[in-house]
Amino acid sequence: MSGQAVTPMLRPLPNLRVKQEHLLTEVAFVTIGQSPRDDVVPSILDLARTPIRATQFGVLDNLDEAALAVMAPGLDAPKLVSRLRSGHEIYLDKVRTTLCLLDMLEAIDRQGFDLIVLLCTCHIPELRALNLRTPFIEPQRLMDVSAVGLLTGLCRVALIFPTRQAVTHRSYEGVDTVTSWLSPYTYAQEDPGWTERLDAVLIGVDLIVMHCVGFSEEIRVILQHRYKCPVLIPLRVIAAAIDLIVQENPGS
């Protein structure tokens with residue numbers, strides 16, 4: 001019996017790319033310097049298990065040289081430090097930068113992101129007064145909470161800040177706390193004495209807490225190998241917080 005050739009009916013495959021993009025968590029990363037922060041955001045995306053579409057914003061984006069000069073701190077004014085798009089370090093007036101940052105965060109809050117991540121660990125009390133609808137990660141608070149959670153059984157903790165001016169003599173209850181500084185942006189090129197400076201306070205500590213988002217995995221590995229203790233950097237804490245928030249809010 002002869003039969004007719006039958007052309008199989010093929011179902012179209014689902015558009016996997018569209019599906020994957022739909023599942024991405026929309027995260028706004030905000031720096032007080034210039035975006036993109038190619039030294040920071042790719043590392044966070046690698047560390048986080050959450051699929052993320054990252055959009056970056058910078059307080060100093062689109063500012064020309066004259067406008068950047070206006071953001072410079074006065075001689076005795078409180079300072080912040082960040083990174084320019086070129087990779088260079090920049091010092092900023094804390095009051096002016098904070099005002100610009102608050103305005104930017106409020107504007108980003110209206111853009112429909114799933115999460116806003118601040119790429120700064122400086123203590124900025126004005127952030128507490130914001131009434132954002134979007135979940136917001138403030139690394140400075142995360143670092144302190146994470147460090148306190150690791151203190152059980154420890155005797156000596158070190159806090160490392162990004163500049164000499166940023167060093168504050170903070171302490172954690174029940175442990176000896178020492179401080180020093182290291183620029184995450186210029187230490188390798190412009191600070192030949194950084195190892196001797198850190199050796200003076202870090203030898204024998206039980207935990208090192210790095211208070212700047214610019215501290216990289218490379219720096220963490222160097223210090224952990226040199227001082228034989230855990231090193232807490234914001235990149236890892238931020239990535240873990242993103243995963244936790246997204247798991248708690250899977251429908252966002």
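Me: By class, how many nonpolar, polar and charged residues does the lining of the largest pocket have?
Reply: The lining has 15 nonpolar, eight polar and four charged residues; Ala, Val, Leu, Ile, Met, Phe, Trp, Tyr, Cys and Pro count as nonpolar, Asp, Glu, Lys and Arg as charged, and the others, Gly among them, as polar. The model is predicted, with pLDDT of at least 70 required for local features and 80 or more for side-chain atom pairs, while totals for chains, interfaces and linings use all residues. Residues are numbered from 1 along each chain as its sequence is written, and side-chain values use heavy atoms, without hydrogens and water.

Me: What is the volume of the largest pocket, and which residues are closest to its centre?
Reply: The volume is about 500 Å³. Of the 27 lining residues, K79, L80, C122, H123 and A166 are closest to the centre. Strand β3 (residues 79-83) gives the most to this lining, with four residues.

Me: Why is F57 called buried?
Reply: The relative accessible area of F57 is 16%. Buried means under 20%, exposed over 50% and partly exposed in between (1.4 Å probe, protein chains only), so F57 is buried. F113, with 13%, is therefore buried too.

Me: What makes the pair of F57 and F113 edge-to-face?
Reply: Rings of Phe, Tyr and Trp (its six-membered ring) pair if their centres lie within 6.5 Å; planes under 30 degrees apart are stacked, over 60 edge-to-face and the rest tilted. The centres of F57 and F113 are 5.9 Å apart and their planes stand at 85°, so the pair is edge-to-face. F57 lies in strand β2 (residues 52-58) and F113 in the loop between α4 (94-109) and β5 (115-118), so the pair ties together parts 56 residues apart in sequence.

Me: Why is the pair of Y187 and W194 edge-to-face?
Reply: The ring centres of Y187 and W194 are 5.3 Å apart and the planes are at 85°, so this pair is edge-to-face. Y187 is buried at 11% relative accessible area, and W194 is buried at 13%.

Me: Why does D39 count as partly exposed?
Reply: D39 has 21% relative accessibility and therefore counts as partly exposed. D39 is placed in the loop between β1 (25-31) and α2 (41-47).

Me: What joins the side chains of D39 and R37?
Reply: A polar contact of 2.9 Å joins them. A polar contact is a pair of N or O atoms within 3.5 Å; within protein, one must be able to donate a hydrogen and the other to accept it, and residues adjacent in sequence count only if both atoms are side-chain atoms.

Conventions: Helix = DSSP H or I, 4+ residues; strand = E, 2+ residues; numbered from the N terminus. 1 Å grid on protein atoms, 1.4 Å probe; cavity = no way out; pocket = protein on both sides within 12 Å on 5 of 7 lines; lining within 4 Å. Points joined across faces, edges and corners; volume = space filled by probe spheres on them.
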